[in-house]
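Subject: Structure handover

Hello,

Here is the structure I promised you. Please open it beside this email and follow along.

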Amino acid sequence: MRIISGSHKGRRINAPRGLPVRPTTDMAKEALFNILNNNYYFEDLKVLDLFSGTGNISFEFASRGSKEIVAVDKDYRCIKFIAKTANELDFNISAIKNDVFKFIEKVTLNFDIIFVDPPYSFTVDDCSRIASIIFERQLLNDNGILIIEHSKHTDLSALEHFKYMKKYGGSIFSFFELD
């Protein structure tokens, strides 16, 4: 995986083998960040990266200047890798080992962007549960956005607060906002 843009543009990051992850492809990540680049100043963003895996998305936000990033994953090896890499690159990423559902039920912070990349085995109901908790607990700031990455076999367009989706290869990003 590589960082697409920002202070560490082009930097390759090699995650340890055997992590239980499916990183967002560079093509899909670049397309996603092109969308975000047209709507946000990265320096001003508070970001929550759920099911963060290798930290791929968190590192991209940090390279582009985001100062407050929280990465959550239940796998200790993933969190250890994110923390180590963030330290080496001098990124302000808080890596937290926790179950995503437990974390979003208890967190008291608010975010401008919440990015969710659950396992592709997650059902529409699983994704709906995540979105419902985020909106019920008001975890998004005004004009905030929830982005869920999922497979092309999962359709989230019927969920409350759904706005639009973008497809890149086998990945789909569904965007949710308050009305």
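Below is what was found in it, element by element.

First, some ground rules. This is a predicted model: local features need pLDDT of at least 70, side-chain atom pairs count only at pLDDT 80 or more, and totals for chains, interfaces and linings use all residues. Residues are numbered from 1 along each chain as its sequence is written, and side-chain values use heavy atoms, with hydrogens and water left out.

**Helix 2 and its cover**

Start with helix 2, residues 56-63. Helices here are DSSP runs of H or I with at least four residues, strands are runs of E with at least two, and both are numbered from the N terminus. Eight of the eight residues in helix 2 are buried. Buried means under 20% relative accessible area, exposed means over 50%, and partly exposed lies in between (1.4 Å probe, protein chains only). The buried residues are N56, I57, S58, F59, E60, F61, A62 and S63.

What covers them? The cover includes helix 1 (26-37) and helix 3 (76-89). It also includes strand 1, strand 2 (68-73), strand 3 (93-97) and strand 4 (111-116). Contact, here and below, means heavy atoms within 4.5 Å.

Now look at helix 1 against helix 2. They pack at an angle of about 45 degrees, with their axes 12 Å apart. Axes are lines fitted to C-alpha atoms, for helices over the stretch in contact, and angles run from 0 to 180 degrees between N-to-C directions. That angle makes helix 1 oblique to helix 2. Under 35 degrees counts as roughly parallel, over 145 as roughly antiparallel, 65 to 115 as roughly perpendicular, and the rest as oblique.

On the helix 1 side, K29, F33 and L36 make the contact. They meet N56, I57, E60 and F61 in helix 2. By type, the residues of this contact are four nonpolar, one polar and two charged. Ala, Val, Leu, Ile, Met, Phe, Trp, Tyr, Cys and Pro count as nonpolar; Asp, Glu, Lys and Arg count as charged; the others, Gly among them, count as polar.

F51 and T54 both sit in the loop between strand 1 and helix 2. Both are buried: F51 has a relative accessible area of 18%, and T54 has 4%.

T54 has several partners. Its side chain reaches the backbone nitrogen of N56 at 3.4 Å. Leaving aside neighbours within four places in sequence, T54 is in contact with M1, A15, L19, V21, P23, F59, F81 and I82.

**Positive phi**

Most residues other than glycine have a negative phi. Which residues here have a positive one? F51 does, with phi near 60 degrees. N143 does too, at about 65 degrees. N143 lies in strand 5 (residues 140-151). Is N143 buried or exposed? N143 is exposed, with a relative accessible area of 71%.

V116 is in strand 4. V116 is buried, at 1% relative accessibility. Not counting residues up to four places away in sequence, V116 touches L50, F51, I130, L146, I147, I148 and E149. V116 and I148 are 32 residues apart in sequence, yet 4.7 Å apart in space, C-alpha to C-alpha.

H150 belongs to strand 5. H150 is buried, with a relative accessible area of 3%. The H150 side chain reaches the backbone oxygen of T154 at 3.0 Å. Beyond neighbours within four places in sequence, the contacts of H150 are Y120, L156, G170, S171, I172 and S174.

S171 is in strand 7 (residues 171-176). S171 is buried as well, at 8% relative accessible area. Which side chain does the S171 side chain meet in a polar contact? The partner is E149, at 3.2 Å. A polar contact is a pair of N or O atoms within 3.5 Å; within protein, one must be able to donate a hydrogen and the other to accept it, and residues adjacent in sequence count only if both atoms are side-chain atoms. Setting aside residues up to four places away in sequence, S171 touches Y120, E149, H150 and K166.

Best wishes
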